[in-house]
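Trainee: Before we start, could we go through this model together, one question at a time?
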Amino acid sequence: MNTSVIQISVKGVMPTVNGCAVFLGNEDKVFVIYVDHSVGNAISMALNGVKKERPLTHDLISSMLIGLEAKITRIVINDVEESTFFARIFIEMSNEVDTKIIELDARPSDSIVLSLQNNVPIYVAEKVFNSTEDMSSILERVLKQQNEESND
């Protein structure tokens, strides 16, 4: 079984009619995952380091992990079926006896927020990366348009 992964990062977040488009990729390719507005906003806030008055769900999860002396080590977007992406969150817990690694099924959108908040890498399975359409030119166009609008 091929378990090769490619490191990626969030390249941009753009509101859409039904939610947000999250652009993910590296210097070779960018692809899009569509998420609901609330998680899209959480990704934007995490990207921009926005401080919130009260903790949101992702903040609560991060706080719980700290309290349990556990840490997220990586996020892997491991599958896609009919435009629905799937992800795994890897959590490590250590004590004086042993280290335990827990792998959790999660939505990529939630995983991305947690990775940004906890400064951990995001990976995508090579088979998923190769099956997605390259959206680099669309991202460039969107960023250029946003830049022009902010200069007006």
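**Helix and salt bridges**

Trainee: How far apart are the end C-alpha atoms of helix α1?

Mentor: This is a predicted model. Helix α1 covers residues 37-48, which is 12 residues.

Trainee: Which residues of α1 are buried, and over what arc do they lie?

Mentor: The buried residues are Val39, Gly40, Ala42, Ile43 and Ala46. They are on the same side of α1, because the arc they cover around the axis is only 160°.

Trainee: Which exposed residues does the face turned away from the buried side of α1 carry?

Mentor: The cover over the buried residues of α1 includes β1, β2, β3, α2 and α3. The face turned away from that buried side carries Ser38 and Asn48.

Trainee: Which strands hold Arg88 and Asp105?

Mentor: Arg88 and Asp105 form a salt bridge, with the closest N and O atoms 3.8 Å apart. The pair ties together parts 17 residues apart in sequence, because Arg88 lies in β5 and Asp105 in β6.

Trainee: Which residues do salt bridges with shared partners join into one network?

Mentor: A search of the whole structure finds 6 salt bridges. Those that share partners join Asp36, Arg107 and Asp110.

Technical notes. Residues numbered from 1 in each chain as written. Predicted model: local features only at pLDDT ≥ 70, side-chain atom pairs only at ≥ 80, totals over all residues. Heavy atoms only, no water. Helix = DSSP H or I, 4+ residues; strand = E, 2+ residues; numbered from the N terminus. Expected span 1.5 Å × (residues − 1). Buried < 20%, exposed > 50% of the residue type's maximum accessible area, 1.4 Å probe, protein only. Arc of directions from axis to C-beta. Contact = heavy atoms within 4.5 Å. Salt bridge = Lys/Arg side-chain N within 4 Å of Asp/Glu carboxyl O.
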